[in-house]
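Here's a quick briefing on one protein model. Have a look at the structure first, then read on.

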Amino acid sequence: MQIKNIKYDVLKQKMGDRIQKNKNLAPFFTLKMHTVAEYYFEPTNIQDWKEIMSIVFEYDIPYLIIGGGSNIAVFQERISGIVLRNRFISKSIEDETHDYVDFKISSGYPMSMLVKETVDLGFSGFEYHYGLPGTLGGAIYMNSKWTRPLSYVSDSLMIATIMDLEGVVRQESRDYFEFAYDYSKLQNTGEIFLEGIFRLMKHDVAELQKRSEEAMCYRKNTQPFGVATGGCFFQNISKKEQEKHSLPTGSAGYLIDASGLKGKTIGGFQVSEKHANFIINTGNGKSEELHELINVVKTEVKDQFDIDLKEEVRVV
Ligand SMILES: Cc1cc2nc3c(=O)[nH]c(=O)nc-3n(C[C@H](O)[C@H](O)[C@H](O)COP(=O)(O)OP(=O)(O)OC[C@H]3O[C@@H](n4cnc5c(N)ncnc54)[C@H](O)[C@@H]3O)c2cc1C
């Protein structure tokens with residue numbers, strides 16, 4: 001279904017040439033799947049977000065928000081409505097004491113930049129996320145984490161500025177998000193995280209660099225690196241389920257590996273040889289091939305362990 005031209009006219013009239021039509025999105029997804037956006041826009045500040053969302057809500061235009069596109073698997077060849085790729089990138093100091101600094105950081109801030117900059121300045125909070133792709137907004141929405149030691153991007157969030165589905169912008173404290181494993185409340189409310197104030201503790205630069213290098217090293221040793229992937233494809237199972245099945249770990253990668261699926265390939269998609277929970281696009285992978293591979297993985301794990309794997313990546 002195409003959005004009616006009148007809506008396109010409004011989009012064009014209000015946002016000008018920054019609205020693009022038939023935009024190829026493959027470069028913006030780390031899985032590199034081919035898809036085209038009917039309309040495309042890059043908000044670069046809060047005003048852009050307010051303006052574009054007021055049109056989207058008023059004219060009931062379907063929309064998809066993407067940050068770094070590192071946790072999305074796209075199965076549609078064409079995404080109708082508008083794709084909003086968050087390019088709101090800003091960072092400023094709000095408050096500073098002897099012990100900490102409060103940064104206001106925008107949702108489109110690339111995590112790689114954020115980690116590097118804060119670590120080099122001696123501010124602790126993001127150091128274990130060295131190598132996490134995507135944006136701060138995606139990390140808050142997904143509640144992205146590092147497990148050695150357990151550390152969430154959201155840990156240092158104090159106050160967030162969010163937009164609801166009527167376009168109203170308001171502030172909420174960290175508790176509002178009900179952060180849990182792979183979960184933030186935004187996944188239910190559909191609200192947009194615009195920016196937040198994060199409290200980072202002052203720390204020894206060399207120690208922070210050591211922590212981030214160790215995390216990066218662990219990634220490189222255990223995960224496929226520099227390839228087209230969406231990260232961990234399936235969620236780990238709960239402790240309760242692990243105990244129920246008397247398993248040594250709740251890792252989805254373990255279940256897939258133990259089902260003999262490492263290296264399993266369908267067309268352009270492959271279960272990584274290095275980490276079985278990573279699915280890789282080895283070339284020109286097609287959505288139907290990914291679909292089939294996911295089904296094979298789920299079916300085999302179900303047969304072997306009687307466990308239903310659930311996707312961690314957002315499926316569009
Ligand atoms: C190589 C690799 C390694 C990874 N390692 C990890 C890891 O260590 N830990 C981990 O937890 N994850 C990991 N991931 C998964 C992924 O990188 C994270 O979930 C990341 O934080 C997603 O951010 P993003 O900006 O790319 O989000 P996207 O993939 O662009 O979007 C994910 C979801 O968030 C929504 N969204 C994005 N921005 C906003 C916003 N501002 N407001 C509201 N909704 C929004 C989107 O609509 C979508 O539903 C990895 C992925 C890859 C490819």
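Let's start with Cys-232: leaving out residues up to four places away in sequence, it touches Ala-252, Asn-277, Phe-278 and Glu-312 (contact means C-beta atoms, placed from the backbone, within 7 Å). Keep in mind that this is a predicted model, where local features need pLDDT of at least 70, side-chain atom pairs count only at pLDDT 80 or more, and totals for chains, interfaces and linings use all residues. Residues are numbered from 1 along each chain as its sequence is written.

**The annotated pair**
- An unreviewed UniProt entry puts the feature "active site" at Cys-232 and Glu-312; such annotations may be inferred rather than shown by experiment.
- The two are spread over 81 residues of sequence, yet they cluster in space, with a largest C-alpha distance of 6.8 Å.

**Cys-232**
- Cys-232 sits in strand β14 (residues 228-232); strands are DSSP runs of E, at least two residues, and helices are runs of H or I, at least four.
- Cys-232 counts as buried because 21 other C-beta atoms lie within 10 Å (buried is 20 or more, exposed 12 or fewer, partly exposed in between).

**Glu-312**
- Glu-312 is in the loop between α9 (287-305) and β18 (314-315).
- With 18 other C-beta atoms within 10 Å, Glu-312 is partly exposed.
- Beyond four places in sequence, Glu-312 is in contact with Asp-182, Cys-232, Phe-233, Phe-234 and Gln-235.

**Domains**
- The domain assignment gives domain 1 (5-85), domain 2 (91-220) and domain 3 (224-315); such bounds come from an automatic or database assignment.

Note on methods. Two residues are in contact if their C-beta atoms, placed from the backbone, lie within 7 Å.
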